[in-house]
Amino acid sequence: MPMQQDKTPAVSVLMGVRYRRADTVMLQRAVESILNQTFSDFELLICAGGSSAEACCLLDSLALSDSRIRLVRGENLPEDLAGKLNTCLDHAKGELIARMDDDDFSHPERFERQVSFLLNHGDIAFVGCSVSFLTDGVQTGTKVFPEYPQVRDFYFTQPFVHPTLMFRRSVLTATGGYSTGKHQVLCEDYDLLLRLYTMGHSGANLQDILFDYTVSLNNRKMKHRWNEAVTRWNRFKDLNLLPRALPYVIKPLAVGLIPRSLLARIKKWR
């Protein structure tokens, strides 16, 4: 039975949802994977502005059936992910802040394992985990991320999967939350994590696969690759990594010049 929210939860889960499909199977699967966690002392905050009528109807029904779900409503709610996550964070009550996306799946023991890790590792600001990759509902591979990523691990690609993360609320709020500037669109997580490292914090990854992560083979638009390059420049500059890290600043732009068919084959291979 789901717990009744008559006390402050230990964990607040942030979901910024923009689910546009009429078929709500993946959204329901994602939410239920949180509700079925072995660690039950949490609240699930969902901001779903811009979602389909079918998605909103499903979320209303799920919220009525489980008091741990809190739908964040109001006028002029943001439609970008960073804005939605910040709005959920403003309403959060827990001392630990977990992430979840609307097309992924958290294994039942994810929260239990992450809460235990943070309780036993006071020097770690946030923790993720290894993942299996899903494309069109089919498992396409797995990845074990570095256990204790260093700044150098951010050079080529991010050593964390954003929706797997659980943060200490104190360090997350100390950063001011997610950046909502135009150059952080689709790289708000990369920006946030490097700002945390700049502040002297660091993260870890549980080595077990506790998350199924949905990936798309669609190529990013060049404007979003430019956003990543600008974000890399700014964050690497703050970390005094320039000019030696300059090749990694322009890496997103170089990848954008690869023909889409070839890039899709490379992603499938990886």
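At what angle do helix α1 and helix α2 pack, and how far apart are their axes? The legends below take up this question and others for a predicted model.

**View 1. The packing of helix α1 against helix α2.** In this predicted model, helix α1, which covers residues 25-35, and helix α2, which covers residues 53-65, pack at an angle of about 25°, and their axes are 10 Å apart. Because angles under 35 degrees count as roughly parallel, α1 and α2 are described as roughly parallel to each other. The crossing that α1 and α2 make is right-handed.

**View 2. The residues that meet between α1 and α2.** On the α1 side the contact is made by Leu-27, Gln-28, Val-31 and Glu-32, which meet Ala-55, Leu-58, Leu-59 and Leu-62 on the α2 side. Sorted by class, the residues in this contact of α1 with α2 are 6 nonpolar, 1 polar and 1 charged.

**View 3. The aromatic pair of Phe-126 and Phe-167.** The count of aromatic pairs in the model comes to 10. In the pair shown here, the ring centres of Phe-126 and Phe-167 are 5.5 Å apart and the ring planes stand at 35°, so the pair is tilted. Phe-126 and Phe-167 are both buried.

**View 4. The aromatic pair of Phe-154 and Tyr-190.** Phe-154 and Tyr-190 form an edge-to-face aromatic pair, with 5.9 Å from centre to centre and 75° between the planes. This pair, too, links distant parts of the chain, since Phe-154 is in the loop between β7 (138-143) and β8, whereas Tyr-190 is in helix α6 (residues 188-198), 36 residues apart. Both partners, Phe-154 and Tyr-190, are buried.

**View 5. The surroundings of Leu-81.** Leu-81 is found in helix α3, which covers residues 81-91, and is partly exposed, with a relative accessible area of 27%. When its neighbours within four places in sequence are left aside, Leu-81 is in contact with Gly-16, Arg-99 and Glu-188. Leu-81 and Tyr-178 are 97 residues apart in sequence, while in space they are 9.1 Å apart from C-alpha to C-alpha.

Conventions
Residues numbered from 1 in each chain as written. Predicted model: local features only at pLDDT ≥ 70, side-chain atom pairs only at ≥ 80, totals over all residues. Heavy atoms only, no water. Axes fitted to C-alpha atoms, helices over the stretch in contact; angles between N-to-C directions. Helix = DSSP H or I, 4+ residues; strand = E, 2+ residues; numbered from the N terminus. Parallel < 35°, antiparallel > 145°, perpendicular 65-115°, else oblique. Left-handed = near helix turned anticlockwise from the far one by under 90°. Contact = heavy atoms within 4.5 Å. Nonpolar A, V, L, I, M, F, W, Y, C, P; charged D, E, K, R; others polar. Phe/Tyr/Trp six-rings, centres within 6.5 Å; stacked < 30°, edge-to-face > 60°. Buried < 20%, exposed > 50% of the residue type's maximum accessible area, 1.4 Å probe, protein only.
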